[in-house]
Amino acid sequence: MKRVYSIILFYICSITAIAQIPYFASTVGNNKLYGYTSLKFRPGINAQETYTTFQYGIGSSFATGVDITTSNASTFAGILLRYGLPINQWFNIGLQATPSFNMNDNMSFSYLTAAMYLNGAITNDAKLFWAGNTWWGINRNSKNTITQYLYLGYNISLKNQMNLTPMLGTIYSWEFKNDADIAFGAYWSIKSYNIYLWGNDFLKSHPRIIIGVDFTF
């Protein structure tokens, strides 16, 4: 019974680790610090989750850092390695690998999250753009997963150097065993900060809502 519980727990946490806002190919930049924290919840049920990451840029393409993922039943810490290759305005690619460890079990290895980030402009002014995130969950005690996020976004310029960027997309498993999910939200950019309001599972009885903020210094 304990093993069954562990398998279920690891599977849930691997899904939690990838259930984030869209990511883009570029890294934070040389000698810069990036931070992001979010709260995820489902109104009507007790299913709160948090995700926090800090990343430091090494050169123009590399970044490394740490992250912490929590839920009602678990806490995981990860070591993050990231690479971004800006090719041109229309196509960019980034890669990330994050081994994560169970803080409630003597920091034992639990799962590896690998990701590929793709994004590019659709229009010449780059206001209309696309983004794709592919997430692999390689789990120690449960089935591996591969999930695809695809988004369209539009950047709206506001006063005082602020921007609002709504995005609409879909989430689906590459195993194609479940219905595709609709996801949408927006982020509000204020100088070096972004404030996020995101969501998915809108067709289910308890949608997931994500509130987050990030910064770059």
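**A buried charged pair and its surroundings**

Analyst: Let's start with K40 and E49, which are both buried; buried means under 20% relative accessible area, exposed means over 50%, and partly exposed is in between (1.4 Å probe, protein chains only).

User: Before we go on, what kind of model is this?
Analyst: It is a predicted model, where local features need pLDDT of at least 70 and side-chain atom pairs count only at pLDDT 80 or more, while totals for chains, interfaces and linings use all residues. Residues are numbered from 1 along each chain as its sequence is written, and side-chain values use heavy atoms, with hydrogens and water left out.

User: OK, what does K40 form with E49?
Analyst: K40 and E49 form a salt bridge, with 3.8 Å between the closest N and O atoms. A salt bridge is a side-chain nitrogen of Lys or Arg within 4 Å of a carboxyl oxygen of Asp or Glu.

User: How many salt bridges does the structure hold?
Analyst: Five. Another one pairs D201 with K204, whose closest N and O atoms are 3.6 Å apart. Salt bridges that share partners also join K40, E49 and R208 into one network.

User: Are D201 and K204 buried or exposed?
Analyst: D201 has a relative accessible area of 7%, so D201 is buried. K204 counts as exposed because its relative accessibility is 54%.

User: What about K143, which residue is its salt-bridge partner?
Analyst: That is E175, and the closest N and O atoms are 3.0 Å apart. K143 sits in the loop between strand 7 (128–139) and strand 8 (145–154), and E175 in the loop between strand 10 (162–173) and strand 11 (181–190), so this pair ties together parts that are 32 residues apart in sequence. K143 counts as partly exposed at 46% relative accessibility, and E175 does too at 34%.

User: You keep saying strand. How many helices and strands are in the chain?
Analyst: The chain has one helix and 13 strands. Helices (H or I, at least four residues) and strands (E, at least two) are DSSP runs, numbered from the N terminus.

User: Which strands does strand 13 join?
Analyst: Strand 13 (residues 208–216) runs antiparallel to strand 1 (residues 33–41), and eight bridges join them. Eight bridges also link strand 13 to strand 12 (residues 193–200), again antiparallel. Two strands pair if DSSP finds at least two bridges between them. On strand 13, V213 stands opposite T37, and I209 stands opposite G199.

User: Switching topic: where is D181, and what is the nearest side chain of opposite charge?
Analyst: D181 is in strand 11. D181 is buried yet has no salt bridge, and the nearest side chain of opposite charge is K204, 6.2 Å away. For charge, Lys and Arg count as positive and Asp and Glu as negative; His and the chain ends are not counted.

User: Last one: how much of the chain is buried?
Analyst: Of the 217 residues of the chain, 44% count as buried.
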